[in-house]
Amino acid sequence: MMRMIRKTGAVLRLIAMFNKELLMSSVTVLREVLRPRLNIRPGIIKLDTELRSDFEITLLSILICLTPGTLTLDVSGDGKTLYIHAMDINDPDELAAQIKGSFERAIMEVTR
Amino acid sequence: MSVIHFVIILPFLFALIVPIANKILPKVHTGWFVLPLPIAIFVLLLSMIPSIENGSEISGSLPWIPSLGIGFDVYVDGLSLLFGLLIAGIGSLVLLYSIYYLDKSKEKLSYFYVYLMLFMGAMFGLVLSDNLMVLYAFWELTSISSFLLIAFWDRRERSRYGALKSMVVTVCGGLAMFAGFALLYVMSGTFGIRELLETIPQLAEHKLFITAMLLVLAGAFTKSAQFPFHIWLPDAMEAPTPVSAYLHSATMVKAGIYLVARLSPVFSGHAVWLWMVSGVGLLTLIYGSYRAIKQTDLKALLAFSTISQLGLIMSLLGMGSAAAFYPGTSQYLFFAKATTAAIFHLINHAVFKGALFMAVGIVDHETGTRDIRKLGGLMAVMPITFTITLLGAFSMAGIPPFGGFLSKEMFFTALLQIRELSFASMQLWGSLFPIVAWVASVFTFAYSLLLVFRTFSGKAQFEKLEKKPHEAPLGMLIPPLVLASLVVMFGLFPNLLSHTLIEPAMAAIHFTGLQPQEQFMVSIDMWHGWNTELYMTIGVAIVGTAIFILQRRAAWVSKPLTNRVSLSGAYDDGQRLLDNVAGRLTRLYMTGSVRHYLIYIFLFLVLSLGLTMWLEGAFALNTEGMATTSFYEAVVIGALVLSAIAVPFANSRLMAIILTGMAGYMVTLFFVIFRAPDLALTQLIVETVSVALFLLCFYHLPKLKKELVRLPFKVWNLLIAASVGAVMTLIALSASGSRKFESISDYFIENSYKLAGGKNIVNVILVDFRGFDTMLEIVVLGIASYGIYALIRLKVKEDENDRPLGHDGMKYDVYAGIRSNDVILRTVAKLVVVLVLIYSMYLFYMGHHHSGGGFIGGLMASAALLLLAITNGVDKIARIVRVDFKRLTAIGILIALLTGTGSFLANVPFLSHTFGYFDIPLLGELELATATLFDLGVYLTVIGVASTILFTIGRDK
Amino acid sequence: MELYMSLAIGVLFTVGIYLILSKSLLRIVLGSSFLSHGVHLLLLTMSRLKTGAPPLLDEKAEAYVDPLPQALILTSIVISFGVTSFLLVLAYKAYKKLGTDDMEELRGNENE
Amino acid sequence: MTTTLLWVSLILLSLAILGALYRLLKGPSIADRIAALDTIGILLLSMIAVLGITTGTRAYFDIILVIGILTFIGTTAMARYIERGVVLESGDDGTNH
Amino acid sequence: MSLEMMEQIIEVVFAILILLGAVIAVISVLGLIRLPDVYLRSHAATKSATLGVLLILLGAFFYTWFVHDFFSIKLLLGILFVFITSPVAGHLNARAAYRSGVALWKGSVRDDFREAIKQERQLEIEEIKNRN
Amino acid sequence: MNNLLVLPLLVPLFTSVLLVFMRRSILSQRWLSGASSLAGVAIAVSIVIHVKKDGVQTLYMSGWAPPYGIAFVGDMLAALLVLATTVVGSFIVFFSMGSIGEERESYFYYPLLQFLLVGVNGSFLTGDIFNLFVCFEVMLISSYALIVLGGTRLQLRETLKYVIINVVSSALFVAAVAYLYGVTGALNMADLFLKVAEAGQGGILNVIALLFLIVFSLKAGLLLYFWLPGAYSAPPTAVTALFGALLTKVGVYALVRTFTLVFGGMPEVTHVWIGWMAGATMVLGAFGALAYKDIPRILNYNIVISVGFIAFGLATANRDSLEGVVVYLLHDMIAKALLLLLGGLIIRAAGTGKLSEMGGLMRRNALLGWMFFATILAVAGIPPLSGFAGKLLIVRGGLEGEHYLLTAVSLATSFVVLYSLMRIFMAAFWGDERATASATDTRKAGLLLPTAGLMLIVVAMGFGSEWIYEFASEAGRTLLDPSSYVQAVLKE
Ligand code: NA
Ligand code: NA
């Protein structure tokens with residue numbers, strides 16, 4: 001029972017966080033698009049994930065994709081690494097850490 | 001059915017029996033089986049003479065196609081009796097002759113006698129018919145049996161050539177005659193010959209009278225080898241000699257004469273008839289006789305002689321028709337004498353020419369050649385044959401006291417008389433007739449002498465021959481001997497025939513113009529005193545002998561007048577030309593290019609529709625009552641047009657496919673805008689599945705070449721495409737502007753739920769109101785899937801070298817994605833597939849009331865399967881989903897069918913549906929409509945079809 | 001609306017026929033798709049583009065559009081789908097066996 | 001008011017479709033075109049939702065779902081095509097190992 | 001405030017929601033047009049699929065719920081479905097682009113993927129060699 | 001209500017579906033196909049008898065009366081054509097058993113053949129213009145599959161052309177239906193008759209009529225026959241015979257039906273076009289028959305010629321000529337099937353279709369030779385065989401209608417028919433014996449019996465012309481005056 005409640009909480013947290021990310025980065029991307037001169041630094045970064053099951057990886061990828069500004073480009077053959085195309089990279093490591101810290105954590109809370 | 005019918009039918013029966021008899025008794029010469037038949041018929045016909053002589057007719061009828069005015073009606077009058085006797089009489093003699101002429105061990109005799117019996121029956125039918133169409137039937141049959149007989153030795157090129165030529169000419173004439181008969185029917189309302197003769201008065205008034213006459217004459221002239229249609233007869237001499245004697249001199253070629261005589265009462269009295277018949281006859285007479293002199297082959301000589309003699313008879317019939325200008329007067333009999341001459345000469349010719357052919361056949365048979373340049377001096381070794389030839393030839397030359405002399409005298413008389421005719425410009429041109437005829441008679445005299453003396457007298461040169469010549473066996477000599485004796489008899493006792501045959505025949509030809517109580521009294525006398533005719537004959541003899549003597553020395557006599565113009569050559573050239581023109585023309589437009597064919601079709605469409613539109617003033621633009629256009633709709637139209645126009649510019653396959661898909665989506669949007677949700681759904685799914693199919697089928701093709709074509713090619717294509725588009729638009733505008741009726745849609749709206757129990761009207765129409773359409777439409781899908789399956793799987797061995805036409809074959813690129821990780825797709829797809837499958841069932845089930853239905857549901861399910869296949873590979877799917885989709889299709893169709901078939905038991909119309917609310921245990925109240933069951937069939941079929949197609953292609957290596 | 005639709009239909013026919021007249025099999029097959037689009041819109045246009053509710057009785061509208069042409073179009077769409085699929089596979093097979101997708105190379109009048 | 005707003009939305013969406021069509025035609029890569037087509041599908045779906053409101057027709061909501069499904073399948077198929085050159089593979093699964 | 005007014009206001013609110021979605025859609029299509037490479041354009045494209053469509057469909061959902069008094073499960077399902085599939089589609093397409101050799105925009109600052117692909121290729125070549 | 005009318009379509013449909021399940025057992029496929037074909041004949045006979053006794057029969061599908069539902073209408077013309085179809089179909093089924101080969105037999109040959117019959121019979125029986133389209137499609141898609149079945153290079157190539165042309169013509173068909181619906185709002189043909197008459201056929205309706213003319217002419221091979229010679233030379237003999245006998249006739253039937261019923265009102269526009277097209281078809285067809293020296297093409301151009309001839313009868317449209325059209329159609333279905341089967345046998349026997357490479361077959365297979373010879377005569381309309389009565393009626397009608405030029409052309413081309421076919425006969429059966437290495441023995445009962453059966457029918461039809469005419473004239477009456485048809489359908 002407790003577990004159920006905990007899970008539900010985790011799911012709700014995930015959704016809330018996602019919505020926040022969605023709105024915020026949407027605004028960012030839309031601003032970039034509307035700017036007369038492009039001022040972006042795109043690129044592909046590597047993200048080593050601790051998630052293992054197909055479902056987890058898929059969920060993470062989808063969330064990354066849904067969030068404006070990032071796009072899951074591929075998953076390595078062993079499923080341990082995600083390659084992410086990002087629209088504006090200030091610091092690649094920071095970006096990776098941010099994703100890990102937010103989405104990956106939240107997902108793990110839901111699935112484990 | 002009468003005895004006359006038997007006369008006609010028996011030969012055909014014999015034709016059937018001959019092969020059997022031949023099998024049973026192979027040792028007996030087949031000729032013996034059939035010989036009794038003509039003899040019996042001859043006797044039978046002879047026995048009819050007395051009653052015919054008394055002016056009565058024997059007739060019988062047998063209905064065939066009475067509604068079309070065609071009956072197998074037969075009758076015997078003087079004319080047909082005369083011909084019948086000829087056919088039976090000469091037929092008997094020829095048959096006897098052929099038994100000795102044709103070697104049992106070397107020839108396929110059963111074929112020969114079958115053909116001959118066919119011919120004989122046809123000939124009897126021709127002269128005994130009382131119905132023009134039946135006459136026509138037998139007429140063609142004589143041509144055909146002649147065709148077969150000429151080609152009896154079919155390995156010979158010349159035989160085949162001659163056979164075809166004779167058929168071409170005579171069948172063409174036959175067709176003209178057929179048209180003429182049809183015209184006569186249109187004018188008179190009957191095909192009955194005797195009935196026709198009764199309608200004569202009003203016939204001549206008809207505007208098509210002359211046309212009909214000329215058409216009938218075309219038939220007569222071709223059959224009777226009149227100039228310029230005579231060309232087939234010399235080549236027909238490739239036939240075995242009995243055939244030449246029988247068909248090509250005595251009987252078949254006289255069919256034209258018969259026809260002219262038979263229809264003379266209809267047409268005579270008309271200037272065109274008079275001129276055509278007598279003019280063409282005379283022309284033929286002189287041409288044939290002139291050409292005969294030039295021949296070195298005995299049979300060719302006889303052929304031209306036959307042509308010439310037929311011309312003579314023809315011209316006499318023509319001159320006899322002048323009598324019709326004086327019906328009911330004494331002049332009538334005066335001119336009718338020409339007809340008497342014609343009949344008399346017809347008999348004479350049959351007799352002497354038959355004898356001559358047989359004699360020549362004997363010469364050929366015994367010496368192995370018919371070339372007079374190799375022959376000579378046969379008199380000593382073949383005295384009987386010589387005698388026969390001499391008698392026949394003298395009769396032909398018109399030397400007294402033979403029959404030929406008498407008929408020629410009568411001929412001269414007719415020629416001199418015709419000048420007295422005050423009609424038809426005869427007074428002006430009639431004087432030419434005797435001159436022409438006299439010249440021709442000279443030639444005739446000359447070639448008759450040639451025939452006899454070149455062959456039988458002079459220096460013997462047996463060393464040039466293949467065999468050592470000797471007299472023929474008795475059986476072969478008897479028939480010509482009989483004929484030769486007839487030659488003598490008819491000369492000495494001409495009136496032997498007068499009352500028995502000639503008078504009745506005259507009566508048949510000239511039955512209208514006589515004065516009351518008057519009848520033909522034919523009396524032929526040997527001596528008329530020293531009249532013009534006799535002087536003419538003496539002249540003929542003198543000049544003719546001179547030519548005979550000159551013939552060896554003076555080249556101008558023996559060489560053709562000119563080498564350049566030859567009618568037979570013209571036939572060959574014409575045939576070649578026709579083949580050439582046909583070939584050139586056909587190959588010109590039948591290029592094998594589908595593009596060309598389409599261009600013809602579209603051009604025709606644009607021209608015909610455009611022209612009609614213009615002529616009919618059909619264009620009407622009536623914007624009243626049209627729906628308004630909002631801005632976004634205009635934008636959507638723009639998007640559709642844009643994506644459509646972009647396709648031809650696409651430079652990759654995928655691009656072209658994508659743009660087409662795009663246009664499809666825009667069409668979907670239109671369906672939404674115009675409130676057709678079911679359509680939109682269907683279009684969407686179909687479009688997507690189609691795109692998938694396109695990708696499936698075209699993945700291995702080389703890069704789409706930019707169409708390397710000249711500009712004109714494109715411009716031309718564009719021009720045609722645009723004009724078709726323009727025409728379609730114009731019609732659309734005019735049609736929507738000129739709607740005159742309300743559609744029947746209100747009925748569907750009112751009754752869809754009330755009577756058919758469904759709220760989705762489109763679906764109700766599909767499964768109920770027009771459920772039959774739908775049933776067939778799933779059949780179409782099913783067939784397509786079976787076709788595709790067979791197309792891909794079945795590989796029949798071909799004998800040709802099985803290598804592709806083209807250039808580069810298939811290229812497989814190494815793609816970079818072979819090893820990529822599909823974890824995301826696979827995970828999501830599992831969910832999606834389950835969702836979509838459930839949704840598809842929902843769509844299917846709700847279809848009767850909401851949008852959806854069997855199709856949409858089925859297609860949706862197939863889309864799910866497609867996704868599954870994309871993500872997991874085809875083979876795996878095949879392992880998991882153990883369904884034979886081809887059978888699923890069949891099951892679907894079967895279900896749809898069976899819901900309809902219940903109607904047979906309930907005795908209601910096919911596919912009638914019922915619906916109702918049933919209380920089903922556990923499920924509670926449930927609406928159950930048989931229409932839903934029908935739709936289930938549709939649903940399953942669609943899944944089966946789509947899956948069959950996808951997986952068949954997907955698994956093709 | 002009918003006016004513009006008629007024009008659009010004309011364009012669809014033009015494009016369809018233009019494509020069908022080209023050499024490449026793929027273009028020809030695509031052309032047939034355009035032809036059927038044109039024809040289907042024509043059926044719709046000919047039924048009068050009057051406004052009314054979709055022919056679903058649940059919509060409880062005063063007037064409905066003419067449902068009959070919709071049923072006809074549906075039938076026609078399905079049939080063209082079957083035929084196009086067949087044509088497509090035929091083209092595929094022909095290419096595999098004959099080694100060309102150029103209709104002009106497939107005249108072959110003379111070698112028979 | 002509402003009507004105007006909805007009509008403006010419709011116009012905006014149809015313009016967006018035109019824009020996407022531009023990308024579809026322009027390319028340059030095939031992936032660009034696929035993306036454009038995918039976008040068009042989504043826009044179409046949105047537009048139909050709006051149309052459903054303006055015409056008061058629920059029947060269109062089915063179309064929305066179906067477009068959603070099909071856009072996905074279509075994009076998947078095409079992406080698979082440019083990545084691997086085939087849409088359906090005969091191997092046991094997509095990875096072809 | 002009368003009930004009628006309330007209703008009207010609600011109507012307008014949802015209509016504005018829809019309009020907002022449409023505006024976002026237009027902007028993201030602008031991105032689809034403007035942005036320099038396929039990957040960036042994919043970012044923009046995903047936007048109309050997420051925020052834009054979310055707003056429009058939600059607007060439509062509520063609109064039918066409150067105005068037409070009809071709770072459409074299908075619309076909700078539709079939203080859910082688009083949310084699940086659209087990112088996957090974007091991912092597949094971008095990956096396909098990369099693997100079929102579409103270059104990154106020259107202004108890109110980093111590419112971690114190139115190395116991985118190279119290794120994958122190497123592996124493949126070795127495998128083929130071993131097989132022979 | 002008369003469910004009997006749908007049986008000519010249901011029986012083959014059931015059969016074909018069941019045959020799908022029997023794919024592996026060729027023997028049972030043969031049995032079922034044969035039995036069902038014979039059942040089809042029996043049904044067709046009983047329909048003819050019904051129609052003869054009780055007049056035009058109708059069946060309202062699903063019980064919806066026209067103009068709302070689809071009506072099947074069995075008038076005498078339809079009934080007779082269905083009978084001819086089932087007869088030809090049966091003989092070809094039996095011929096196929098001995099000739100088509102197990103490979104094709106196990107890949108849906110028999111089901112496809114039955115499906116084709118479904119489409120053909122449906123086309124004859126339906127009284128709904130859109131349903132006619134659907135039936136056409138059933139027939140066409142089966143024909144696509146049959147023509148390419150086996151997938152030889154020639155088949156693939158020619159099928160492509162055939163399909164492309166037919167796709168275009170199908171599109172035009174639907175467009176024509178759309179236009180017609182736009183103006184009249186009707187689909188049922190009897191209803192259309194009334195509405196077109198009421199609206200007055202001038203103007204746009206004539207344009208639409210012409211579009212229908214083009215569509216059906218494409219199917220019939222009237223002037224727009226370019227696809228035909230190639231397509232029909234690709235598949236095995238049995239299939240070619242089936243097509244030559246049935247498919248073009250369906251197009252001809254559609255022409256006859258629409259231009260006597262729906263668009264019969266303005267012959268001075270429509271029928272003039274038909275007349276010109278008929279003349280051009282006969283002439284060009286005749287040229288084609290003379291142009292080639294190989295059997296398939298000569299025979300195929302002969303198909304074209306006869307289409308032109310029948311269309312000539314339609315263009316004349318008086319009593320004689322319309323009766324002639326019916327009689328000739330019946331004859332041509334049977335006789336063309338026979339001709340094409342025999343042509344195929346000759347090719348087998350000689351191992352080649354080229355006239356220059358064959359000869360002397362008479363000494364190897366005389367029965368074949370004589371059957372071919374007699375068939376030539378029948379096809380050329382020589383009495384007393386089957387082609388004569390129809391030819392006479394059409395010619396007589398043409399003369400009555402004062403179409404002298406066309407009559408002349410038709411007679412001239414009927415000569416070309418005889419001539420071109422006789423050339424085959426002479427080349428194949430006469431002369432020295434010659435054949436290529438791939439020649440096979442054709443003296444097999446499985447091949448000769450079905451052809452001999454058809455031969456007997458051709459002969460019997462000729463001698464029994466009166467009997468046939470009795471039925472055909474009734475069909476002709478309906479064509480001349482469609483009121484009985486319309487009354488039967490609309491029950492007014
Ligand atoms: Na339907
Ligand atoms: Na349908």
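**Figure 1. Arg23(F) rests over a ring in this predicted model.** Here Arg23(F) lies over the face of Tyr107(F). The distance to the centre of that ring is 4.8 Å.

**Figure 2. A lysine sits over Phe471(F).** In this view, look for the charged end of Lys52(F), placed over the ring of Phe471(F). From there to the ring centre is 5.2 Å.

**Figure 3. A tilted pair in chain B: Phe386(B) with Phe456(B).** Searching the whole structure turns up 92 aromatic pairs over all chains. In this one, the rings are 5.4 Å apart, centre to centre, and their planes make an angle of 55 degrees. Phe386(B) belongs to helix H17 (residues 383-397) of chain B, while Phe456(B) belongs to helix H20 (residues 432-456) of chain B. The two are 70 residues apart, and their pairing links distant parts of the chain. Phe386(B) and Phe456(B) are both buried.

**Figure 4. An edge-to-face pair in chain F: Phe133(F) with Phe173(F).** What makes this pair edge-to-face? The planes of Phe133(F) and Phe173(F) stand at 90 degrees, with the ring centres 5.6 Å apart, and edge-to-face calls for over 60 degrees. Phe133(F) comes from helix H6 (residues 129-148) of chain F and Phe173(F) from helix H7 (residues 153-184) of chain F, so the pair ties together parts that are 40 residues apart in sequence. Phe133(F) is buried, and Phe173(F) is too.

**Figure 5. One aromatic cluster with members from chains B and F.** Chain B brings Tyr111(B), Tyr115(B) and Phe147(B) to the cluster. From chain F come Trp370(F), Phe372(F), Phe373(F), Phe425(F), Phe429(F) and Trp430(F).

How values were computed
Residues numbered from 1 in each chain as written. Chains lettered and ligands numbered in written order. Predicted model: local features only at pLDDT ≥ 70, side-chain atom pairs only at ≥ 80, totals over all residues. Heavy atoms only, no water. Phe/Tyr/Trp six-rings, centres within 6.5 Å; stacked < 30°, edge-to-face > 60°. Helix = DSSP H or I, 4+ residues; strand = E, 2+ residues; numbered from the N terminus. Buried < 20%, exposed > 50% of the residue type's maximum accessible area, 1.4 Å probe, protein only. Lys NZ or Arg CZ within 6 Å of the ring centre and 35° of its normal.
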